[in-house]
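Student: I have a model open on my screen and would like to go through a few of its details with you. Could we start once it is in view?

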Amino acid sequence: MNKLMIIGDSVLKGVTYDAGAGRYKLYGSTLETRLAERQIEAKRFCRMGSTVTDGHQRLAAMIENGDDLRGVRLLLELGGNDCDFDWSAVSDAPDEQHLPHTEPEQFSELYEETVRLARENGAEVAVSTLVPIDAEKYLAFISRGRSYDNILRWLGDASMLYRWHESYNNAVTALAVRLGCPVVDLRSLFLRSHDFPALLSEDGIHPTARGHRMIEDYLVSAI
């Protein structure tokens, strides 16, 4: 069988937010089963909160452990957590400077290093664009138990959340062009949908079950 490895965060892990229960849960993906029917053995190494640093470390650990990546198709889906901030700190001190989990230049550099490391060890690398966020939903979510007004004052406007997130997506696509990586364009899949609000959970960042089904269908055909 052909082999697919996915290194990413909670989006491709299949996490959704259950607003009624007030907790995160797994969508219940059948991706591995559907790909196996097409003679593709898929393994996901995705973790909630994962950044490009975590992804690089995961890949390096696999190589150090002797995992054979020759002929493996590796899909990287990273960036959504790198661009995030410590919202409690922002809420407490809206007039101070705050840095994202991974600054833009460092993000691009480490992402490129991750691609090169995978290729040097025989993997064929593709990258995923970032599923877009719903800025209004996300602002309401990160403001729970914090000062909405302070966070909004620091941002300047709610759509800054979307623009900042999009800048990291642009870094991913620029890297793909620069290194000649195939792109799995999840972002356009969401942006072109007339049902966009129904595709994202109440936290504004994780797909709903409907959104995850759309991702799964797309991955099965794209891969």
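Student: Is tyrosine 111 buried or exposed?

Tutor: Tyrosine 111 has 1% relative accessibility and therefore counts as buried, where buried means under 20% relative accessible area, exposed over 50% and partly exposed in between, with a 1.4 Å probe and protein chains only. This is a predicted model, in which local features need pLDDT of at least 70 and side-chain atom pairs count only at pLDDT 80 or more, while totals for chains, interfaces and linings use all residues. Residues are numbered from 1 along each chain as its sequence is written, and side-chain values use heavy atoms, leaving out hydrogens and water.

Student: And how many aromatic pairs are there?

Tutor: The structure holds 10 aromatic pairs, meaning rings of Phe, Tyr and Trp (its six-membered ring) with centres within 6.5 Å, where planes under 30 degrees apart count as stacked, over 60 as edge-to-face and the rest as tilted. The rings of phenylalanine 107 and tyrosine 111 have centres 5.5 Å apart and planes at 90°, so this pair is edge-to-face.

Student: Which residues form the aromatic cluster?

Tutor: Phe85, Trp87, Phe107, Tyr111, Tyr138, Trp154, Trp164 and Tyr168 form one cluster.

Student: Switching topic, what does the side chain of histidine 98 reach?

Tutor: That side chain reaches the backbone oxygen of alanine 93 at 2.8 Å. With 15% relative accessibility, histidine 98 counts as buried, and beyond its neighbours within four places in sequence it is in contact (heavy atoms within 4.5 Å) with Phe85, Ala89, Val90, Ala93 and Trp154.

Note on methods:
A polar contact is a pair of N or O atoms within 3.5 Å; within protein, one must be able to donate a hydrogen and the other to accept it, and residues adjacent in sequence count only if both atoms are side-chain atoms.
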